[in-house]
Amino acid sequence: MKKLTAALVAAGAAGALLLSGCSSERGGSSTEETAGTSESGGGFAADATIGVALPQKTSENWVLAEQLFVDGLTEAGFNPIVQFANSGVTEQQNQIQAMTEQGASVIVVGAIDGSQLGSQLEAAADSGASVIAYDRLVKNTDAVDMYVAFDNFQVGVLQGEALLQGLAERKGEGPYNIELIAGSPDDANSTPFFEGAMSVLQPKIDDGTLVVVSGQTSFEQVATQGWKAENAQRRMDTILSGSYGSAELHGVLSPNDTLGRAALTSVAQAGKDTPVVTGQDSEVESVKSIVAGEQYSTIYKDTRELVAQTIKEIQALQKGEEPEINDTESYDNGVKVVPSFLLTPLIVTQENAAEVYADDETLFPLTQE
Ligand code: GAL
């Protein structure tokens, strides 16, 4: 335990150094202070304004995050500004700029498009604010001090493994006909989700166990703009009518629950048997579907934990202390490897849903119906 603590503290110190290096690089405060600290270098005011720029409500976890941030930041004594950018990237850029102008000491960003916020976040950092990327990495800028998320490459690995397990359980011997779906191309998470899954599935495609009947296997071919269910359903409709005839579709790799349910709808409307379908986010409709034996799996990324960890990091920064970092190598944003705190995602199937959701008062009752 001692070794682990020392390692975490060392990683934390590395994180703090990175934080201070970051603000000094852009002519911010002097190097001995960490980003967003007052002249004394002792952090910032206990009732500081904290900006939280959320993307769009493409899944339930984002809706939940809004109230958790408002309540948690207020409880911690801060002044929260929590906003969704429902009309898109330009709105999110303007919101981040306004948060900086309102003197936010920390800006938390759940980016719609992590590659289009560089100038707004550089202005925020130059004002002395710290920038925390939440759930989705911010790309191509050094104006991001840390990243707090579930390990999204591991999410993909779990999805790939669940697809193979579900095929063996429900579809007898291979080879299996499958199709691949990826998330929105502007969401920095979509690539690690897909790459994680393909690290498991590609060898099975190569050895013939899995056959992608449509031939669509590249990220560009299978990505779903805006995470929109209708886009995924339309693509599946086209594939089924164009490539399958009477052939069965045994499995679908889906990166989250909304797109997984869209795939299930498309296959049902084509009059075919229910395929093994993966998902993510433990949305209520999908948990019900998994308990009923339809959707095969989802991923539990407890939003309460993710928000709580982000607020913990903000409280450390407020005291001028080291943020909690447990990964300094996985997430390269194109300019630097961003120090991160990664939480562990959990696979959920019909078999373990009651156990995984035991402490979740919304989801556990669904497993008892
Ligand atoms: C991702 C997020 C997933 C899911 C998806 C759909 O960035 O990590 O949990 O919410 O967006 O919006």
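The shell around the ligand comprises three nonpolar, six polar and five charged residues; here Ala, Val, Leu, Ile, Met, Phe, Trp, Tyr, Cys and Pro count as nonpolar, Asp, Glu, Lys and Arg as charged, and the others, Gly among them, as polar. The model is predicted: local features need pLDDT of at least 70, side-chain atom pairs count only at pLDDT 80 or more, and totals for chains, interfaces and linings use all residues. Residues are numbered from 1 along each chain as its sequence is written, and side-chain values use heavy atoms, with hydrogens and water left out.

Of the 14 residues around the ligand (a heavy atom within 4 Å), T58, S59, R136, D187 and D281 come nearest. Because domain 1 (6–144 + 302–344) and domain 2 (152–301 + 348–368) both contribute residues to this shell, the ligand lies between them. The domain bounds come from an automatic or database domain assignment.

| Residue (side chain) | Distance to a ligand oxygen atom |
|---|---|
| T58 | 2.4 Å |
| N61 | 3.1 Å |
| W62 | 3.3 Å |

On its own the ligand has 310 Å² of accessible area, of which the protein covers 100% (Shrake-Rupley method, 1.4 Å probe).

Rolling a probe the size of a water molecule over the atoms shows where empty space is left. Three cavities of 30 Å³ or more are present in the structure. A cavity is a set of points, on a 1 Å grid over the protein atoms alone, where a 1.4 Å probe fits but cannot get out; lining residues have an atom within 4 Å of a point. The largest cavity has a volume of about 110 Å³, and S59, W62, R136, W227 and D281 are the closest to its centre among its 14 lining residues. The ligand sits in the largest cavity (more than half of its atoms lie within 2 Å of the grid points).

The second largest cavity, of about 60 Å³, is lined by N61, W62, Y134, D135, K301, T303 and L306.

Key
A polar contact is a pair of N or O atoms within 3.5 Å; within protein, one must be able to donate a hydrogen and the other to accept it, and residues adjacent in sequence count only if both atoms are side-chain atoms. On a 1 Å grid over the protein atoms alone, a cavity is a set of points where a 1.4 Å probe fits but cannot get out, and a pocket is an open set with protein on both sides within 12 Å along at least five of seven lines; lining residues have an atom within 4 Å of a point. Grid points are joined across faces, edges and corners, and a volume is the space filled by probe spheres set on the points.
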